[in-house]
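Morning, everyone. I have one structure to walk through today. Please look at the model first, then we'll take it piece by piece.

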2 protein chains.
Amino acid sequence: MTESGKVRKALTDWLPLWGPLGPQELKPAQFWSQGTSRASQRARSLDLSCPDAGLREEAWQDRKKRLTPPELEPTQHVLTRAFILSPQPILYSYFRSSCSWRVRIALALKGIDYETVPINLIKDGGQQFSKDFQALNPMKQVPALKIDGITIHQSLAIIEYLEETRPTPRLLPQDPKKRASVRMISDLIAGGIQPLQNLSVLKQVEEEFQLTWAQNAIISGFNALEQILQSTAGTYCVGDEVTMADLCLVPQVANAERFKVDCTPYPTISSINKRLLVLEAFQVTHPCRQPDTPTELRA
Amino acid sequence: MTESGKVRKALTDWLPLWGPLGPQELKPAQFWSQGTSRASQRARSLDLSCPDAGLREEAWQDRKKRLTPPELEPTQHVLTRAFILSPQPILYSYFRSSCSWRVRIALALKGIDYETVPINLIKDGGQQFSKDFQALNPMKQVPALKIDGITIHQSLAIIEYLEETRPTPRLLPQDPKKRASVRMISDLIAGGIQPLQNLSVLKQVEEEFQLTWAQNAIISGFNALEQILQSTAGTYCVGDEVTMADLCLVPQVANAERFKVDCTPYPTISSINKRLLVLEAFQVTHPCRQPDTPTELRA
């Protein structure tokens, strides 16, 4: 990649909220000055209105120390500073929601700081039914992510957006065929299993049949998933890198355990799940460690 | 883009089935010779074994006339020829399956010829449960697409793969925020509505409650969808171009009609649906015009 290509990439990777930079081939120096002026302008305006500017400045100083590619350093510093000084994304989440957990893992892996606004799906008859939340997500479901001036719901749409605007580290492989496998597994879980054992669906089933209903949905999905993973998996669901499919797998296995599904018939699912659970991004986002986790469920 | 970059792009866009071309910067002439030799080798071998070689040759001559960028023409001709002469993708489909319909529209819009293998979800207790089909898709669902040497299931994963390997015409906008809207709407339908009114789920509900169950799933989803579309829609679901979201909308509205859902509370959904239904790609792929459509349902 050329020098100006690298700087352009850094700019577009880091600051999609500034909009496109135009198709013309600017020299690195021009990019630098464009980036610097935009970033400091933004940073200045935010500094004035931001109550915890001191803390954000501290976070920036800390991240500055950990920045790499030397040829990009000055640009990245400016961008990172603006990035940190920007208003943080807001994740509307429920500690136990497996769809929220998927997004929390993506945010953690990509190192995106965010604020959590807990939406309690049970309390007060379900806070997702409040007028305020419905205006945010008419589907009355978590998660929803406020980011870059828009609100996105549907966990996979959120993850794909993060992937396109913050591509490092990647959650989709480069090879289109492997990307297809990742999306196939993700859709199988997000469209073929989870919706059927969702709280709102279970409520429509007579109470004595709810557990069996949820178990049937998971077992039927896991039977297929186990077979698929046998041909796609390496260390993780597709090959040896963590992908969007893994972000779906771990929360779904947690649901399976909650619904007392015997996972011994699924050795591939179980061993991938075990390998993923030790990773930091899966640990810090675990339902037992969220701001809204009740004390008795904390670990 | 440089000359060799353009040729490389044409090669990789058109012929992913040949695998990556290697990272080295070859000159256009080298690409040309590499492409030509690979293509004619492939074309030759296929010509010999293909029963309708004459017809395919005719299709190639026809498409050749409509090819654009002059500087790419020779390469594209070779590639298009090989493309047309290649074995066709196979779509495992059921005429009435809304998920199959989504993929049929994508294939039609992108001008991809394919063979249909009908999987009757009702006959013989459901042909999707056959051993042969289960080996192809362990989820025992249509659609499944055999293409480029792999088999993909899950309709949205298939459409994303087609988009990445056959990018013209695009089914996802260029702007990441609009792409997020498209995926959000697609996931809402494919994960939040359709799975709940799916045949396999309805079978688990007592017969007298099946219709209400399906209606509830659709009404609750459409209430949200109508509100979302009011802010994203232009002529179609997101802006003025047909996107993946539209490929999900039309088959879902057909399901709504089949389950006798009153669509008057959804003027935005209804008018977009109406505008889409007149497009050729939506007409030729309609459930009433499939190879497996029973005579009494044909139109």
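In what order do the four strands of the open sheet in chain A run? The order is 2-1-3-4, with mixed pairing. Before going on, some bookkeeping. This is a predicted model, where local features need pLDDT of at least 70, side-chain atom pairs count only at pLDDT 80 or more, and totals for chains, interfaces and linings use all residues. Residues are numbered from 1 along each chain as its sequence is written, while chains are lettered from A and ligands numbered from 1 in the order in which they are written.

Terms for the sheet. Helices (H or I, at least four residues) and strands (E, at least two) are DSSP runs, numbered from the N terminus. Two strands pair if DSSP finds at least two bridges between them.

Back to chain A. Strand 2 (115-118) and strand 4 (150-153) are the edge strands, each pairing on one side only. From one strand to the next, the twist averages 20 degrees. Angles here run from 0 to 180 degrees between N-to-C directions, with axes fitted to C-alpha atoms, for helices over the stretch in contact.

Strand 3 (residues 144-147) and strand 4 of chain A run antiparallel, joined by four bridges. A:Ile147 has A:Ile150 in strand 4 as its bridge partner. Helix 5 (residues 98-109) of chain A packs on the sheet and touches strand 1 (90-93) and strand 3. Its direction makes about 155 degrees with that of strand 1 of chain A. Contact means C-beta atoms, placed from the backbone, within 7 Å.

Between strand 3 and strand 4 of chain A comes a loop, and A:Asp148 is in it. Phi of A:Asp148 is near 55 degrees, positive in a residue other than glycine. A:Lys140 also has a positive phi, about 55 degrees. A:Lys140 sits in the loop between helix 6 (131-136) and strand 3 of chain A. Most residues other than glycine have a negative phi, and most peptide bonds are trans.

Is A:Lys140 buried or exposed? A:Lys140 is buried, because 20 other C-beta atoms lie within 10 Å. The scale: 20 or more is buried, 12 or fewer is exposed, and in between is partly exposed. A:Asp148 has 19, so A:Asp148 is partly exposed.

Chain B has two cis peptide bonds to show. One joins B:Val142 and B:Pro143, with omega about 0 degrees. The other runs from B:Thr168 to B:Pro169, with omega near -15 degrees. B:Pro169 is in the loop between helix 7 (155-165) and helix 8 (176-192) of chain B.

Next, the interface. How many residues does each chain give to the contact? Chain A gives 31 residues and chain B gives 31 residues. On the side of chain A, helix 8 supplies the largest share, 11 residues. That side divides into 18 nonpolar, seven polar and six charged. Nonpolar covers Ala, Val, Leu, Ile, Met, Phe, Trp, Tyr, Cys and Pro; charged covers Asp, Glu, Lys and Arg; the others, Gly among them, are polar.

Last, the core. A nonpolar core is a set of buried Ala, Val, Leu, Ile, Met, Phe, Trp, Tyr and Cys residues joined through C-beta atoms within 7 Å. The largest one has 130 residues, and A:Ile185, A:Leu249 and B:Ile185 touch the most other members. Not counting residues up to four places away in sequence, A:Leu249 touches residues including A:Ile189, A:Cys237 and A:Leu276.

Key:
Contact = placed C-beta atoms within 7 Å.
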